[in-house]
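Q: I have a protein model to read, and I am new to this. Can we go through it feature by feature?

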Amino acid sequence: MYATGYCPSNPDGSKGPCPRGYGALIGTATLCSLLEIGLSFTRPKLLKKLFPPLVTGPTVALIGISLVESGFKNWAGGSGECSERPTSGPYVLCPAVGAPHALPWGSAEFIGLGFSVFATIILCERFGSSIMKSCAVVIGLLVGCIIAAATGYFSSTGIDAAPAASFIWVKTFPLTVYGPIILPLLAVYIVLMMEAIGDISATCDVSRLSVQGPLFDSRIQGGVLADGLNGLLAGLFTITPMSTFAQNNGVIALTRCANRKAGYACCFFLLIMGIFSKFAAALVAIPSAVLGGMTTFLFSAVAISGIRIISTIHFSRRNRFILTAAMSLGFGATLVPTWFTYVFTYSGGNKAKQGFFNAIELICETGFALTAFVSIFLNLILPEEIEDEDARSFTAEEREREAEREDYGKGGSGSEEGDVEKTDRVEGVAK
């Protein structure tokens, strides 16, 4: 928007405030959310064909693996600009220069602070009572916060600056539609739908619910519809599109609590903290290293849920091929997210064309989205293989033994009369 002049720049070349541009962003996002809402009304039979465990399993695994990166960066001090360890500027230290107990990213103090949370979770699982095991995440976070407060990592600046209470529409923006970002935002909602399907599958898995069948298909439909409505309401509430919170799957797996009433209670507390800003500011003040030690564990649980879903698949040659092809690209895009950045070199004035290229680039640089698309495509075009379930498989050693048995049987049948004569002679000697 700044490059095209839609948003103003300051005389020194820096980007100026642009409420008009932000209104165009959330207005366009609100319009594009209708795509995900419409896809949620797809027939369950088609959803089942498009998103079997062969698709949702690797997608969930890649979601967890990609999130572990952000958790590990926070563990080392933060996932923002300070993680690049610049040599100058306000982010030479994490979280920023001037913050309490600011240190370079990756300092031993940050690693130790995050490890205190991680180690507490493990100790609760090994030595804690049943209630401590269920609350291991909360106890680990509490221990990390106590250590951080005692060593001077907390800052009250954000808490003091936050208003006592706030609400939506205190600040509004003019909602408009900005054409060049329609295609990229449509791609964003497709990615969000893939993530929602993966997270819902992981939630069913850790909640010990079936990840196949009509009831599961209904849950997928409802979840995609809720995610689309969430994006619609987010724009009307003056914020950008939201995605499903994958950490909750780790919480369910660890606490073994999948009761919906717990979810309703969480919604209530989120509303309270959203209205009374001091509560939200207190949570934001928690050091990144403390959160990183906790979220790394929770994100790993998401990846394990994906592996668990994959384990329910029959490992035929076809399914192995699909998993290999999809996850090779997914792992590659996750490990090297800029691999597709320089493919399109178009720099003309066609905004629609540029938006189309940006949408393709977004999908190709998002590991779990690329895995989902490739696995869906291959699952639809590759024919099912007819396998004989009763056919025996042999190792080299077993095949050699089988050949020896066959040779022994042939030799025995050809000398049957000789064996009888030998037996008569042995009986005569015995007499």
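A: Start with a definition. A salt bridge is a side-chain nitrogen of Lys or Arg within 4 Å of a carboxyl oxygen of Asp or Glu. Keep in mind that this is a predicted model.

Q: How many salt bridges does the structure hold?
A: The structure holds 3 salt bridges.

Q: Which residue forms a salt bridge with Lys73?
A: Glu69 does. The closest N and O atoms of Glu69 and Lys73 are 3.6 Å apart. That falls within the 4 Å cut-off.

Q: How are Glu69 and Lys73 placed in helix α3?
A: Helix α3 covers residues 53-75. Glu69 and Lys73 are 4 residues apart in α3, so about one helical turn separates them.

Q: Which side chain does Arg308 meet in a salt bridge?
A: Arg308 meets Asp205, with 3.8 Å from N to O. Arg308 lies in helix α13 (residues 288-310) and Asp205 lies in helix α8, so the pair ties together parts that are 103 residues apart in sequence. Now look at accessibility. Arg308 is partly exposed because its relative accessibility is 42%. Asp205 is buried because its value is 16%.

Q: Where do the partners Arg318 and Glu384 sit?
A: First, the contact. The side chains of Arg318 and Glu384 meet in a salt bridge of 3.5 Å, N to O. Arg318 is in helix α14 (residues 317-335). Glu384 is in the loop between α16 (367-381) and α17 (396-414). The two are 66 residues apart, and the pair links distant parts of the chain.

Q: Is Arg318 buried or exposed, and what about Glu384?
A: Arg318 has 4% relative accessibility, so Arg318 counts as buried. Glu384 has 62%, so Glu384 counts as exposed.

Q: How do I read two helices that pack together?
A: Two packed helices are described by the angle between their axes and the distance between the axes. Angles under 35 degrees count as roughly parallel.

Q: At what angle do α1 and α8 pack?
A: Helix α1 (residues 19-39) and α8 pack at about 45°, and their axes are 9 Å apart. That angle makes α1 oblique to α8. The crossing of α1 past α8 is right-handed.

Q: Which helix holds Gly140, and is Gly140 buried or exposed?
A: Gly140 is in helix α6 (residues 136-150). Its relative accessibility is 0%, so Gly140 counts as buried. The C-alpha atoms of Gly140 and Ile122 are separated by 9.0 Å. Along the chain, Gly140 and Ile122 are 18 residues apart.

Q: What should I look for in the backbone?
A: Most residues other than glycine have a negative phi, and most peptide bonds are trans. Now look for exceptions. The peptide bond from Cys94 to Pro95 is cis, with omega near -5°. Pro95 is found in the loop between α3 and α4 (108-127).

Q: What is phi near in His101?
A: Phi of His101 is near 55°, a positive value in a residue other than glycine. His101 lies in the loop between α3 and α4. His101 is partly exposed, because its relative accessible area is 33%.

Q: Where is Arg256?
A: Arg256 is in the loop between α10 (247-255) and α11 (260-275). Arg256 has a positive phi of about 60°, although it is not a glycine. At 70% relative accessibility, Arg256 counts as exposed.

Q: Which residues make the nonpolar surface patch?
A: Phe167, Trp169, Val170, Leu175, Leu233, Leu236, Phe237, Ile239 and Met242 make the patch. Its area is about 850 Å². Take Val170 as one of these residues. Val170 sits in the loop between α7 (157-161) and α8 (182-206). Its relative accessibility is 63%, so Val170 counts as exposed.

Technical notes
Residues are numbered from 1 along each chain as its sequence is written. This is a predicted model: local features need pLDDT of at least 70, side-chain atom pairs count only at pLDDT 80 or more; totals for chains, interfaces and linings use all residues. Side-chain values use heavy atoms; hydrogens and water are left out. Patches are made of residues with over 30% relative accessible area and no salt bridge: like charges are joined within 9 Å, nonpolar side chains (Val, Leu, Ile, Met, Phe, Trp, Tyr) within 5 Å. Accessible areas come from the Shrake-Rupley method with a 1.4 Å probe; for residues, only the protein chains shown count as cover. Buried means under 20% relative accessible area, exposed over 50%, partly exposed in between (1.4 Å probe, protein chains only). Axes are lines fitted to C-alpha atoms, for helices over the stretch in contact, and angles run from 0 to 180 degrees between N-to-C directions. Angles under 35 degrees count as roughly parallel, over 145 as roughly antiparallel, 65 to 115 as roughly perpendicular and the rest as oblique. A crossing is left-handed if the near helix is turned anticlockwise from the far one by less than a right angle, and right-handed if clockwise.
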